[in-house]
Every structure is written in structure tokens, then in C-alpha cells.
Protein chains: 2
Amino acid sequence: MSLFIVGLGPGGPEHRTAAAERAVREADVVIGYGPYVDQCADLLDEQEVVRGTMGEELERAREAVERARSGRVALVSSGDAGVHGMAARTLAMAEGIDVTVVPGVTAALATAAVLGAPLADDWATLSLSDLHLPLETVERRLTGLAMSGIALALYNPRSKTRTEPFDRALAILREHRSGETPVVVATDVAREGESLETTTLAEIDATTVTMRSLVLVAGETAEWAGEWLVALRDRANIKGPGPFMLGEGAT
Amino acid sequence: MSLFIVGLGPGGPEHRTAAAERAVREADVVIGYGPYVDQCADLLDEQEVVRGTMGEELERAREAVERARSGRVALVSSGDAGVHGMAARTLAMAEGIDVTVVPGVTAALATAAVLGAPLADDWATLSLSDLHLPLETVERRLTGLAMSGIALALYNPRSKTRTEPFDRALAILREHRSGETPVVVATDVAREGESLETTTLAEIDATTVTMRSLVLVAGETAEWAGEWLVALRDRANIKGPGPFMLGEGAT
């Protein structure tokens, strides 16, 4: 008679919380996109398992809500289910259901930890997907963020067929931020095959960015400290030449 | 001979990851601000414990690095140590030390989960502290973010003596976002005494905001769905009257 919307963290069991594990273990039914169900396979025993497919998020949300009327359901997502995950769509149709959202370590935090502390000063997450939002809105948001000079974690940056938003994003960022701004293309972080491509805003090769990547654009107070990318809020020289323009060398 | 910089999550053990627990259990020395050490008291056994005090972050980082030259150290923070926590300052002085950053559930994610899914569309974290950054830089960043229309999690919003940044922040937000924008003052989330004050950008009472609060300002795609605050990326009517101005009623 209850629904738990569960964030499993970025990859293996090590970055999963106790509350997430408990919600999956104690469920009658575990529902999720196939690879996310696999991510908690070690917690499955007698639960009924419903494996969903990509693109059927709405149907999955509906099924989770329906089944929660007669049992205890865990709807699982990778990362944090409330960050570009299943929580919003599901809650919007869950009137009358007892719902608990269980937070998790989102991909931006897992990526930051592997790199050092690039999100230790202010930062934003931005999805570049124009599936549910017009590209012009994505561009408006990115322009405001680029002007702000804070770090960015770009979710859903690019796929084989959806390449325009990322190209537009690079153009906007290059207008407002130094070409030397550190950029990292992080793919499959905390999973098998983890890869980190270190580059700059001027030199990034867009074709290295896939659907499984998160692109981290350093903020104006971040610098490499040896192997670590570190944002220090009190770093000197963070004021650009004007109220909104950060000129070359400002980072 | 190694240093683990550990995020313990927002409060009790339920939102702590397995990796965080392991790093604390296996440490020779556990170092942290007193209340954060208390937060992992259930994991302490034979470890040496060094309790720090507020305002001595630099000394604490230095001690953690020094002790890591001869033993296994866990430097603990609440939330995620890489988000306005101890990770950056410590990494900046940890050359030659074997360091692992263990990510955690940051306060914004814990707050969002309690409210529903207000960070399910794009969002940013912004610290309003002007201790290490000039207030004019905080204002520049906030202006860009307010223009972008995304959700905001305001960290370190206000203390008894530091009230100006929050007043300035409200003024900037009110210039760019609707007065009806949902705002939640979340204090001690996932801890004893948790309180959630629901209000709007027009009506918020600044005196309800303390050092222990996180202020969540909803993004342009968020609305209340019964008791839940939900950001839906494909919500209609998110385009403001111009490329940067979101007028009244745009949310």
C-alpha cells in the first residue's frame, strides 16, 4: 500500500544508501528500467520484478502507482530519482498513494568525487535534452548559467542523433567563459568501463560525448591542483571585466 | 597512509552510503567538526577521534593531511564533502597523499526528496555566504541564475549577524521571477527537529531563515501537486515574455 521512489546511486552497491537498500529489500514489487534493476540484483530475493524498457517511463510510472494500491512497491532509478529521474512524473500521478522519495548520490556528485572537488563552489545541473523542453528554453537557461560563471554538470548531453543541443551549448559557453576553462567528459562513472576525458572548453571534441556521459564544465574558481580539479571559493582573481562578461583568463 | 574525505549524508544513518560507512569503520583516525563526528558515532570503535570546532576548517584540513602521512584517516562532513564542505580546501594541500573522496547525499537532494521532486528539472546550488567571496560576485551569479529560471537550493542563506546577502538575494529573485514562485525554508532536514516552511517569493519572512536552513526556490516548471512540489520538464507555458525576463504568472 505504499510506493518508494528510490535512487540507487551511480553504480555499484558502495554508493547506495541504507534507506535505498531497505526500500528494495522490503518491497513486494521492484520496478525499473532493466539496467537499474540489475544495479540492485544483490538485494532481490522473493520480490516480483518488473523490468521496463527505455522510452516507456510514463507507462512504468503508471504501473508503479497502480501496483502500490495493493502492495509495497520500489520504483528504482540510477543516481537520485529526483534529478532527471522518475520521481517527478510518478508523483504527478500518485494522488492518494502513500509515497516516500529516497534520495541518492546523483551522477554529478559521483563524478565530482572522482575528479576532486570541482563542485565545492556554486554549481548547476542542466539537461541538454530537448525532448520535453524547446531548445530555445535550454539555450536561455544555459546563457544565464554561463553568465553566472558557476560550474555546470551537463546531463543527457548528446546522442548519436541528437547532436545540435551540445553544439549550441558549446557556442554559448564559449561566448561567456574562457576557452581554457577545464572540461571533463565523464562516462560510466562508478561503473565498469569508467572513463574520464580531460579537456578544455576551447578544445573539447564533441564526438567523445555520448548518451552515457556527463560533461562537467568547471566554474570560475576551479583549477587543477595536480591530478585534482578543485573549486576554491576564495580563489583570487575571480572578477571578470564587467558585471556579466568573464573575459579570457578570468578563470 | 591514506585520506578519505567522507560525506555522511544529511542526518541519520539511513541516508549514508556503504562506502562512507566503510571509510569511517576502517580508519585509524576520524576527524571532523564535532556534530559531524556525532553523526557517525555508531561507526566508532577503536578509532582515534579528533573533534574540531566551527571556524577552524583550515587547521582541520591540515591536521587530516598531516595524520594521513602515517595512518588511515577519515575526514568527515555532513552531506557531500564536495559541496560547500571540506573536500576542496583539503585537496588543495594534499599533494603527495593518497586521497579518496567519498560522495554523499547533499542537503539539496535530501530536502528535495522530502518535498517531492522540485529538482527534477534543472537546478543550481548557490551559497549566499560572503565570507570567502565578495557579495557582488554572489549577486552576479544569482542574477544569472534568476534569469535562467531554474530551481535554486540556497546554502548558508542567513545568520543572525549576516542578513544582507539574503535580503539582496530576495530583491534579485523578485526582479526576475514571479512573486508566486514556491519557496520552502527547510531546516534540519533528515534530523531531529526537521521543519519545512512553505511560502512564496513574495511572502517569505526572512527571519524564519537560519544558519541551519536551506532555502529552496522552485524553478519555472515546478508546481504543487497536492502535498508534493514537482518540477515537470514538459510543463506547458514555461516561456516568459522575452529571452531573459520571466514576468508575473510565467511560472
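## Surface and charge

The accessible surface of chain A is about 9,700 Å², and carbon and sulfur atoms hold 48% of that. Areas come from the Shrake-Rupley method with a 1.4 Å probe; for residues, only the protein chains shown count as cover. This is a predicted model: local features need pLDDT of at least 70, side-chain atom pairs count only at pLDDT 80 or more, and totals for chains, interfaces and linings use all residues. Residues are numbered from 1 along each chain as its sequence is written.

Chain A carries 23 positive and 37 negative side chains. Lys and Arg count as positive, Asp and Glu as negative; His and the chain ends are not counted. The centres of the two sets lie 3 Å apart.

## Overall fold

Chain A has seven helices and 13 strands. Helices (H or I, at least four residues) and strands (E, at least two) are DSSP runs, numbered from the N terminus. The C-alpha trace spans about 60 × 35 × 30 Å along its principal axes.

Of the 251 residues in chain A, 62% are buried. Buried means under 20% relative accessible area (1.4 Å probe, protein chains only).

## Helix 6

Helix 6 of chain A covers residues 135-148. It is mostly covered, with 12 of its 14 residues buried. Among them are A:Leu135, A:Val138, A:Arg140 and A:Arg141.

The buried residues of helix 6 pack against strand 7 (123-127), strand 8 (151-155) and helix 7 (164-176) of chain A. Helix 6 (135-148) of chain B is also a partner. Contact means heavy atoms within 4.5 Å. A:Gly149 follows helix 6 of chain A, and its phi is positive, near 80°.

Definitions and conventions. Chains are lettered from A and ligands numbered from 1 in the order in which they are written. Side-chain values use heavy atoms; hydrogens and water are left out. Buried means under 20% relative accessible area, exposed over 50%, partly exposed in between (1.4 Å probe, protein chains only). The place of a charge is taken as NZ of Lys, CZ of Arg, CG of Asp or CD of Glu. The expected span of a helix is 1.5 Å times one less than its number of residues.
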